[in-house]
Amino acid sequence: MIFTTWPRRRMAGLALAAGAAAWWLADTAPYPYSQRLLLNLPLPFLTSARLDDMLAPRPGERILEVGPGTGLQSLHVAPQLGPGGQLDVLDIQPEMLDHVARHAAQRRITTIVPALADACELPYPDGVFDAVYLITTLGEIRDPGQALREMARVLSPGGRLVVGEFFDRHWIPFRRLRSLATACGLHPDMHRGTTLAYLARFRSGPPLELLAR
């Protein structure tokens, strides 16, 4: 029995490793709409509750989500902004925006405004957002540094940027993220999670310790 079970377990392990390798090598950017169901899977440390803690959305605010995917976070954040607030969602794939719009309509959420555009060229004036967030998206953008510069540009003074990252081919380590963000005038404010799965918050404008003087 031992001699027949061990090879099967070993083969199963090899098959699992081969499948993981195939997923890793086939992982493309941006994440294709054809694989949208995987975007609804919960990720460790990137829960809605943790996002709320970092983003702290408030009624009346205008917030931007870059790369909403199927709207897992969009449909959670938008109601918290109230009827006087607005959640702008920006994606380079029209199918993703259409998906979010359909599900928002089903829930009678009318404060989500989609925009089809490149994150490296945000179609918004300077300083119009109270907060910007993106979850497992930054590493899929062709030029993360330029995208962060654009996000810093559209944030109001003291505005919040929340970045969530989870380990895959496009994962950006926190050390690199911090370097890119600080180069754009965004200052680290909070960090939660592990090396491979984390949420990080930055503020636009002068560092908080300077504002307190």
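Modeller: Let's go term by term, with the numbers set against the cut-offs.

Modeller: This is a predicted model, where local features need pLDDT of at least 70, side-chain atom pairs count only at pLDDT 80 or more, and totals for chains, interfaces and linings use all residues. Residues are numbered from 1 along each chain as its sequence is written, and side-chain values use heavy atoms, with hydrogens and water left out.

Colleague: How do you know which parts of the protein to trust, going by pLDDT?

Modeller: pLDDT is the predictor's confidence in each residue, from 0 to 100. Its mean for the protein is 85, and 78% of the residues reach 70 or more. Residues 1–6 have pLDDT below 50, and beyond near neighbours in sequence that stretch has one contact in the model; contact means heavy atoms within 4.5 Å. Residues 209–213 also have pLDDT below 50, again with one contact beyond near neighbours in sequence. Where pLDDT is low, the predicted coordinates should not be read in detail.

Colleague: What makes up the secondary structure of the protein?

Modeller: Seven helices and seven strands. Helices (H or I, at least four residues) and strands (E, at least two) are DSSP runs, numbered from the N terminus. Along the sequence the pattern reads α-α-β-α-β-α-β-β-α-β-α-β-β-α.

Colleague: Which strands pair with β1, and in what sense?

Modeller: Two strands pair if DSSP finds at least two bridges between them. β1 and β2 have five bridges and run parallel, and Val66 has Leu90 in β2 as its bridge partner. β1 and β4 have three bridges, also in the parallel sense, with Ile63 partnered by Ala131 in β4. β4 in turn runs parallel to β5 over six bridges, where Leu134 has Val163 as its partner.

Colleague: Why are β3 and β6 said to stand at the edges?

Modeller: The open sheet has seven strands in the order β3-β2-β1-β4-β5-β7-β6, with mixed pairing. β3 (112–116) and β6 each have a single partner strand, so one side of each is left without a neighbour in the sheet. Neighbouring strands here are turned by 20 degrees against each other on average, direction ignored. Strands of a sheet pair through backbone hydrogen bonds, either parallel or antiparallel.

Colleague: Why does Asp88 count as buried?

Modeller: Buried means under 20% relative accessible area, exposed over 50%, partly exposed in between (1.4 Å probe, protein chains only). Asp88 sits in strand β2 (residues 86–91) and has 2% relative accessibility, so it counts as buried. Leaving aside neighbours within four places in sequence, Asp88 touches residues including Ile63, Leu64, Val113 and Phe129.

Colleague: What makes the link between Asp88 and Arg62 a polar contact?

Modeller: A polar contact is a pair of N or O atoms within 3.5 Å; within protein, one must be able to donate a hydrogen and the other to accept it, and residues adjacent in sequence count only if both atoms are side-chain atoms. The side chains of Asp88 and Arg62 are joined at 2.9 Å, so the distance meets the cut-off.

Colleague: What about Ser204: buried or exposed?

Modeller: Ser204, in strand β7, has 8% relative accessibility, so Ser204 is buried. Its side chain has a polar atom 3.1 Å from the backbone nitrogen of Gly158, and reaches the backbone nitrogen of Gly159 at 3.0 Å.

Colleague: How do you know that the buried residues of α2 line one face of the helix?

Modeller: In α2 (residues 48–55), Leu51, Met54 and Leu55 are buried. Seen down the axis of α2, they fall within an arc of 85 degrees, so they line one face; the arc is that of the directions from the helix axis to the C-beta atoms. These residues pack against elements including β1 (62–66), α3 (74–77) and β4 (129–135). Just after α2, Ala56 takes a positive phi of about 50 degrees.

Colleague: And how much of the protein is buried?

Modeller: Of the 213 residues, 43% count as buried. β1 is mostly covered, with four of its five residues buried.

Note on methods
Axes fitted to C-alpha atoms, helices over the stretch in contact; angles between N-to-C directions.
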